[in-house]
Amino acid sequence: MTTLELDTHILQRRKLWRRVGRSAGIRIGGGLLVLIAFIALFAPLLAPHDPIAQDLTRRLLPPFWQMGTDPSHWLGTDHLGRDYLSRLIYGARVSLGIGLGVTLCAGLIGTMLGLLAGYFGGKTDMLISFIITTRLSLPIVLVALAAVALGGASLQTLAIVLSLLLWDRFAVVVRSATQGLRNREFVQATVSFGASSLHVMLRGILPNLRNTLIVVATLEVANVILLEAALSFLGLGARPPTPSWGLMIAEGREQILFDPWLIALPGSALCLLILAVNLLGDGVRDALDATTS
Amino acid sequence: MLPFLARRLIVAVLVALAVSAVAFGLMFVSGDPAVVLAGQAGRAQDVELIRQAYGLDRPIVIQFFSWLGKALRGDFGTSLYFNLPVASIVGERLPVTLLLGSAAFLLAMIVSVPLGIVASLKPGGALDRAALLLAVLGQAIPSFWLGLILIVVFGVWYGLVPISGTETWQGYILPVIVLSYYAMPALMRLTRAGMIDVLGADYIRTARAKGLARLRILLVHALRNAVLPLVSLAAVQFGMMLSGSIVIESVFAINGLGRLAWESLLRSDLPVVQAIILILSLIYVTLTTVADLINAWLDPRLRSA
Amino acid sequence: MIRFRIAALAGAIAFASLGLSAPPAQAGKADDTLNAAFALEPEALDTYKIAGREGLILARHIYDGLLYKDLDSGEIKPALAKAWRFVDPTTMEFDLREGVVFHNGAKFTADDVVYTLNTVLDPNYGTRFRIAVDWIEKVEKVSDFQVRIKMAKPFAGAVEMLADALPIYPAAYFKEVGSAGMAAKPVGTGPYKLTEMTPGIRYAFERFDGHYAGSPKGKPAIGKIVVRTIPELNTQFAELLAGKLDWSWRIPPDQAARLASRIQIVNGPIMRIAYVGLAVNAKGKDYPTKNLLVRRAINHAVNREAIVKAFAGGASQVLNAACNPKQFGCAQDVATYAYDPAKAKALLTEAGFANGVDIEMVFAAMPRPVAEAVASDLAKVGIRVTLNEQQYAAGVQKWRAGELPAFFTNWGSYGTGDVAFIISNFFGGGADDLVQDKEVIDLVTVADTAQDRTLRQENYAKALKKIADQAYWLPMYDFNINYGLSSSLVFKPHPDEFARWWLSSWK
């Protein structure tokens, strides 16, 4: 690296950080995410009650804005008399972990497959398209049922199943985007300079997929969290009494007509988390765009 | 073009085979159909008899090939639960799901693509922010919640639409809205991201410099290149809608494929599950093929591939 | 964002008061149609192959049996058979009713009885529950209107079984179309005939005007019935509130209480009970539940009163004996285990588990919150439960294979008011019996086959005492069902979970 290159490199990085600092999206989104992570990390200190302690004599107490609340449970209690606020606080751990973790794993798998299929085309593409379509045709629930029958229900099983299943959108989108990019001049130029395929894919194409990847990833976070909920509710995921936002939504479902707050609260928490991820994603993307152009 | 289609056809057959085999195996792993059939009051001897009566005591591989052989001849067997031909049961529910899925897909595209384009024109602008907020909300509101709210407001309060069922066309209104809103954020955001990418590209600037009309640039040059990933994702989303949504079909008491698949899975109704999975794989293969064809048409450079 | 949250909360509050403005509706009274909804899909309408309650209910409206049990008076009434007697302990003779016609116009004779029963006896036919027919050796025609049932073994439940559980099909039609044909187009002698069917989705019935005079089911007051599958309970509530539905059932207590002010809620007890089976003799597995002290600790640890109050509601009560108190032979003077966590802890310590013990408990066909409440109570005394929910089939399979120390589920005794249909299954030495207590098995076997009611009662009482004393089960509670009805419908619930719409009428 020449001195000049090094200088521009450092300069770019400084510029990037300045942009990051200035972007409202990153500040709000990042702030929210840090806050949720903080809540998740220090849940034992923040929660007013034990999130799994039941009290059947104090079931379905309403939250503070309704009549007949209990001051010690200001967000009410659930159908087993567990403190809703404490469960929300602890729930951040599961939702955050599963949502981000699974998206990351699935994203890696999907991006890799999509890149290979889109870049090489031909037989590779056929094989990977075959895998993608096979995966799409298999109902997730069937796979989850079988996995649970084999390995027992747990968050780990669920995380593995979802990671191995939810890469389809990444793969599909990356594949077609790669196909579009492969024939562009700048990629072709790199190829003609004799760069290895790996180098072209990782240096030439991948950076250009950033926007698409960020979009798919932010969408996938929400998808994963809601799926975790659905599967946990069916007994195929988080083992009770583990609190998770998704599971709380699923549990509140039966009461939805009369106690909609049971869904509104974890739903709002989920909404905040997704908003944070979205804002951060968009912000980072904008900042990167501005720096490189 | 023809070799392309031929290759795709081979893939389709392979996919259908692979999926059927995997699903068959998974079904046996996840529960013994004979025990499920015997029901809650079934005793061990009942289970044994059912196993023999339905040929469930044969090795799985043999059962699979016997099923496959019949399926190839168009005989999907008899539902273990309804004791009726699978074809008639699936045939009863497929049209409902197809209608629902197609309508929802159309609605989703009509709303999300223009919204994505408008949002991309001024990234960070008021319209863009509003669209993004809608997308975030859309992702975070559980479908069954929205479905029930709509039922209570428009069905119970105002009595504008039927609460459940699809006997009349009005019965489709709410489920179509709920099914499509869930796909909108993804489609909208991808359109927006693609458009932002393309609008910044050199050739659009060139086009602008050449003084081409703004709308023409937008729709002909930019959109054409921005939609490549969108077409692929749309195909997947469409496939998901066509395969039916368990949640939406449950809430609106719609008897479509999604719920049939789900219920049949739970009661280990093997022939029905197998038939549905076969249909699903065919739908997905068709859709991905169509998506590839559209992409090739949109981007001539892909044709050499 | 904050503004959004407030809006969401406001929306939620507004929503909480929803659905209240619906006018009390007449539902189907105006066009004499009873609109009913099930959450689960009915099976094919060949009674002999139905395991689910929904399909059986519909089938009983279409078909009749030889006998009929009037649950209100408890007496067995003549139905397709106008008289019956035991010729010897294993031979029953029936005089059949003349002048009965099927929905397709065919006349009912002895041939129908002989062909139907002999067909479903054949193991190849695939009759769901062998227990329902395996006591019959063969059925013989004596004359056109007289048949004899030769029993394979003395069976105390014979009369109960013949009372509407074994319907008679029209022989000629049944012979022609088989089981699949009966499922596609059922033909019976019952009070209603099926006019339209989309399997699993919608079933339309019309009163059968040719239903025989003197039928114990009587002539129905309501002309038409339409039954639909509405899987989501909240959607059922919305339909009830909007007056689109006349009948729905299995409404959870919390929601029933909320609905009660706006629609008609009727509550009725049923035969079904909830229990936790504890593996004692689990195919060589050495679970903590093998230890009597641990089983007693479990019985003392669970606050069943609180659970019943919170989740079962209605007429449900805590059980002590391993049966439903409404059943014949369900002796109540057995050992009881009061809620006493301290005692449970002491028992565990005595058993050598001072530091607690880990067990897996699978629950199936039970509301999840109830299972969680049980697990939480057990955890409080040091019994750490790994709770897994499974489909009933998968759960019962594991249980039979001895892979589970504890299995939490329910049992409906086929809706029958006789303990033979519950303790013989779980303590009679069969596949579900993971206790294999020789003494209990002997007592139950004698009681099952004896004709003398007093002897049966005594033996069952002894068996139940031993079961309670050894804490082989954690008996939980008997169920009750909430029915949601339109204000204009008269409906009487029965403990066997069979809806009898032929007894319903409009107010």
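Before I start, residues are numbered from 1 along each chain as its sequence is written, while chains are lettered from A and ligands numbered from 1 in the order in which they are written. Since the model is predicted, local features need pLDDT of at least 70 and side-chain atom pairs count only at pLDDT 80 or more, whereas totals for chains, interfaces and linings use all residues.

Let me begin with chain C, where an unreviewed UniProt entry places the annotation "domain: Solute-binding protein family" on residues 75-429; such annotations may be inferred rather than shown by experiment, and their positions are given in the numbering used here, with feature names shortened. Over residues 75-429 chain C is 31% helix and 25% strand, and the end C-alpha atoms are 31 Å apart. Helices here are DSSP runs of H or I with at least four residues, strands are runs of E with at least two, and both are numbered from the N terminus.

Chain C has an open sheet of 10 strands with mixed pairing, in the order 8-9-10-1-11-16-12-15-13-14, where two strands pair if DSSP finds at least two bridges between them. Its edge strands, each pairing on one side only, are strand 8 (192-198) and strand 14 (383-389) of chain C. Within the order, strand 1 (residues 33-38) and strand 10 (residues 224-229) of chain C pair in the parallel sense over 6 bridges, and C:Asn35 stands opposite C:Val226 in strand 10 of chain C.

Turning to chain A, the axes of helix 6 (residues 140-151) and helix 7 (residues 155-165) of chain A come within 10 Å and cross at roughly 145°; axes are lines fitted to C-alpha atoms, for helices over the stretch in contact, and angles run from 0 to 180 degrees between N-to-C directions. On the helix 6 side the contact includes A:Ile140, A:Val143 and A:Gly151, and helix 7 of chain A brings A:Thr157, A:Val161 and A:Leu165, with residues in contact if their C-beta atoms, placed from the backbone, lie within 7 Å.

Conventions
Contact = placed C-beta atoms within 7 Å.
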